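Reader: I would like to go through this model with you and ask, for each label, what stands behind it. Please set the values against the definitions as we go.

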Amino acid sequence: MTSSPALHERVGERFGERARVSESYGDVTVDVGPADWIGLLTFARDDLGHVFFDWLTGVDEPPDTFQVVAHVYHPAAGERLLLRTAVPRADPRLPSAVGVYRGADWHERETYEMFGVVFDGHPNLVPLLLPDGFEGHPLRKDFILAARVAKPWPGAKEPGESGHGAPSRRRTLPPGVPADWGTPPT
């Protein structure tokens, strides 16, 4: 693992105050603004040797931002590196990483579909997992899980519903359903 001080120095030489290096649970993380996103990915690949792209995803950080996180790997040194940036919720746009790491292609498509982050310059930014006509972005924390109201949630019955045992509890709405949607079906 590249030591945090050595990596901090190299990142500082390249990005100055525009980057923040931290370490958590043995993984080094570099945070930059959206304007430095492609520069950071290129720097990690070309200058730091992190040539293997592992994954990219979004993280909903209410109320104002989404984080985009990429995990890259240096195979010869066995080093992992997390690269992060934050985009505003009002206009979640970021340049595509596909030109730097081809493996980012479907990860960006999934992040676009699940969080609504638009990756400018992506060669084929179309839905990947959800059915045609699906509306919304289901991994956003403000996404209403209407299916949990429309049909009963599968699994174990509530106490009292099996016909024996303790009396039934007050019925509550499933997680992710706004309180103003009424009481759940019995």
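Author: This is a predicted model, in which local features need pLDDT of at least 70 and side-chain atom pairs count only at pLDDT 80 or more, while totals for chains, interfaces and linings use all residues. Residues are numbered from 1 along each chain as its sequence is written, and side-chain values use heavy atoms, with hydrogens and water left out.

Reader: How do you know how many helices and strands the chain has?

Author: Helices (H or I, at least four residues) and strands (E, at least two) are DSSP runs, numbered from the N terminus. By that rule the chain comes to 4 helices and 7 strands, and from the N terminus on the elements run α-β-β-α-β-β-β-β-α-β-α.

Reader: What makes Y25 exposed or buried?

Author: The terms rest on relative accessible area: buried means under 20%, exposed over 50%, and partly exposed in between (1.4 Å probe, protein chains only). Y25 has a relative accessible area of 82%, and is therefore exposed. Y25 is placed in the loop between strand 1 and strand 2, and its phi is near 55°, a positive value in a residue other than glycine.

Reader: Why is G136 called partly exposed?

Author: The relative accessibility of G136 is 39%, so G136 counts as partly exposed. G136 lies in the loop between strand 7 and helix 4 (147-150). With contact meaning heavy atoms within 4.5 Å, G136 touches E113 and F143, not counting residues up to four places away in sequence. G136 and G116 are 20 residues apart in sequence, yet 8.1 Å apart in space, C-alpha to C-alpha.

Reader: What makes strand 1 and strand 2 a pair, and in which sense do they run?

Author: Two strands pair if DSSP finds at least two bridges between them. Strand 1 and strand 2 have 6 bridges and pair in the antiparallel sense, forming a hairpin with 2 residues between them. Within this pairing, V30 in strand 2 is the bridge partner of V21, and R20 stands opposite D31.

Reader: Which strands stand at the edges of the open sheet, and why?

Author: The sheet has 5 strands in the order 1-2-5-4-3, with mixed pairing. Strand 1 and strand 3 each have a single partner strand, so one side of each is left without a neighbour in the sheet, and these two stand at the edges. Neighbouring strands of this sheet are turned by 20° against each other on average, direction ignored.

Reader: How do you know that helix 2 packs on that sheet?

Author: Helix 2 touches strand 2, strand 3, strand 4 and strand 5, and its direction makes about 175° with that of strand 5. For such angles, axes are lines fitted to C-alpha atoms, for helices over the stretch in contact, and angles run from 0 to 180 degrees between N-to-C directions. Helix 3, in turn, lies across strand 3 and strand 4, running at about 10° to strand 3.

Reader: What span is expected of helix 3, and how does the model compare?

Author: The expected span of a helix is 1.5 Å times one less than its number of residues. Helix 3 (residues 104-115) has 12 residues and reaches 16 Å from its first C-alpha to its last, close to the 16 Å expected. Among its buried residues are H107, T111 and F115, and the buried residues of this helix pack against strand 3 (52-61), strand 4 (65-74), strand 6 (93-95) and strand 7 (118-120). After helix 3 comes G116, with a positive phi near 85°.

Reader: What makes a group of residues a nonpolar core, and which members touch the most others in the largest one?

Author: A nonpolar core is a set of buried Ala, Val, Leu, Ile, Met, Phe, Trp, Tyr and Cys residues joined through side-chain atoms within 4.5 Å. The largest has 33 residues, of which L7, V11, V30, W37, L41, L81 and L83 touch the most other members. Helix 2 gives the most to this core, with 5 residues. V11 touches G16, A19, V21, V30 and F43, not counting residues up to four places away in sequence.

Reader: Where is the cis peptide bond?

Author: The bond from P62 to P63 is cis, with omega near 5°, and P63 is found in the loop between strand 3 and strand 4.
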